[in-house]
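Here is a short briefing on one structure. Please keep the sequence and the 3D view open while reading.

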Amino acid sequence: METTGLGPSMELKAAGMQAGGHETAVVRMEPDASVVVLAGVAGIGQGIETALAQIAADRAGVPIDRVRVVLGDTVTTPYSSIGAIASRSATVGGGALSEAATRLRARVLALAAHRLEVAAEDLELDGEAVRVKGDPTAALTLRDIATHAWRGWDLPEGEEPGLEARATYTPPAYTYAYGAHAAAVAVDPETGAVEVEGYWAVNDSGVLVNPAIVEGQLRGGIAQGIGMALTEEVVYTPEGQPLADYLPPTAREVPRIEIGLLQTPSPYTPGGMKGVGESGVIGAPAAIGNAVAAAAPTAAPRLTRTPMTPGRLWPLLSS
């Protein structure tokens with residue numbers, strides 16, 4: 001079980017964290033009907049740019065190739081008190097974007113309804129134009145709507161020029177991602193070497209904006225967990241100097257990983273997302289440790305730490 005969506009601001013204060021848990025997103029439709037997303041979360045290789053583009057395209061009703069995501073520019077992007085940690089970028093940042101993009105879509109429909117002299121609920125947006133339901137000839141292109149909005153032409157009374165929406169989302173509670181991991185290992189009693197022969201994981205991170213990204217993060221996390229279980233350790237000399245050898249797992253040590261993805265929407269997050277960043281690494285050391293204990297039951301009571309290197313495991317097998 002992984003706590004994700006680090007965010008209730010007052011809970012962070014109560015815990016002594018010098019940060020707030022909210023995120024803000026701005027979505028702007030330019031005069032050419034392209035969409036710019038400005039968000040406070042940061043891209044650190046986790047694919048959040050793609051996920052945010054998908055959320056904006058889906059909620060605003062525009063093609064994804066018309067969406068540009070801007071992150072990490074303190075001149076233009078909204079303030080983020082925390083940033084990209086604790087599996088919160090898609091959960092909290094994506095939650096804010098879901099609301100902002102929904103507001104943008106509503107404004108586009110309201111502007112079109114005013115000019116077409118119909119109710120907004122009688123309109124549909126097909127990605128390129130807003131049309132009156134049942135009358136495809138009564139339509140306005142998104143480019144036309146956006147251009148009029150920025151020029152201040154034909155606006156409803158009280159409306160200001162421009163076409164953008166801003167939303168701040170403060171989660172009312174943490175979200176929780178769930179998973180189950182299983183490993184099959186072989187232990188060589190002569191050397192204490194452990195080989196991971198198979199690995200299976202089932203994970204639930206709520207609504208999956210991009211399943212390929214989620215699966216990739218799970219595989220990477222599991223590979224990291226295999227290293228934690230079997231090979232990775234910072235070793236020091238008696239004088240306190242770190243030794244140079246550090247052994248992350250390679251393709252030789254990581255087996256084929258079978259992954260199943262479930263989706264139980266978060267009741268708190270706009271869009272239903274939960275986090276996934278640490279989900280892969282949490283279960284792997286324990287699953288492999290349990291598998292080693294099952295393969296070497298005589299050593300199991302003394303298997304109390306990782307990594308389970310041959311040098312650490314062999315004495316337990318031979319005594």
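Leaving aside neighbours within four places in sequence, which residues is glycine 179 in contact with? The partners are Val202 and Asn203. This is a predicted model.

**Glycine 179**
- Glycine 179 is found in strand β9.
- Its relative accessible area is 45%. Glycine 179 therefore counts as partly exposed, a class that lies between under 20% for buried and over 50% for exposed.
- Glycine 280 is 101 residues away from glycine 179 in sequence. In space, the two are 8.5 Å apart, C-alpha to C-alpha.

**The open sheet**
- Four strands make up an open sheet, ordered β1-β9-β10-β11. The pairing is mixed.
- The edges are taken by β1 (2-4) and β11 (257-262). Each has a single partner strand, so one side of each is left without a neighbour in the sheet.
- Neighbouring strands of this sheet are turned by 20° against each other on average, direction ignored.
- Strands β1 and β9 run antiparallel and are joined by three bridges.
- Glutamate 2 has alanine 177 of β9 as its bridge partner.
- Helix α6 (residues 279-295) packs on the sheet. The helix touches β1, β9 and β10 (194-204). The direction of α6 makes about 35° with that of β9.

**Surface patch**
- A nonpolar patch on the surface is formed by Met1, Tyr176 and Tyr178. Together they have about 340 Å² of accessible area.
- Tyrosine 178 lies in strand β9, which spans residues 175-187.
- Is tyrosine 178 buried, partly exposed or exposed? Tyrosine 178 is partly exposed, because its relative accessible area of 40% falls between the limits of 20% and 50%.

**Helix α4**
- Helix α4 covers residues 142-151. Its buried residues are Leu142, Ile145, Ala146, Thr147, His148 and Ala149.

Key:
Residues numbered from 1 in each chain as written. Predicted model: local features only at pLDDT ≥ 70, side-chain atom pairs only at ≥ 80, totals over all residues. Heavy atoms only, no water. Buried < 20%, exposed > 50% of the residue type's maximum accessible area, 1.4 Å probe, protein only. Helix = DSSP H or I, 4+ residues; strand = E, 2+ residues; numbered from the N terminus. Patch = residues over 30% accessible without salt bridge, like charges linked within 9 Å, V, L, I, M, F, W, Y side chains within 5 Å. Areas by Shrake-Rupley, 256 points an atom, 1.4 Å probe, with all protein chains shown as cover. Salt bridge = Lys/Arg side-chain N within 4 Å of Asp/Glu carboxyl O. Pairing = 2+ DSSP bridges. Axes fitted to C-alpha atoms, helices over the stretch in contact; angles between N-to-C directions. Contact = heavy atoms within 4.5 Å.
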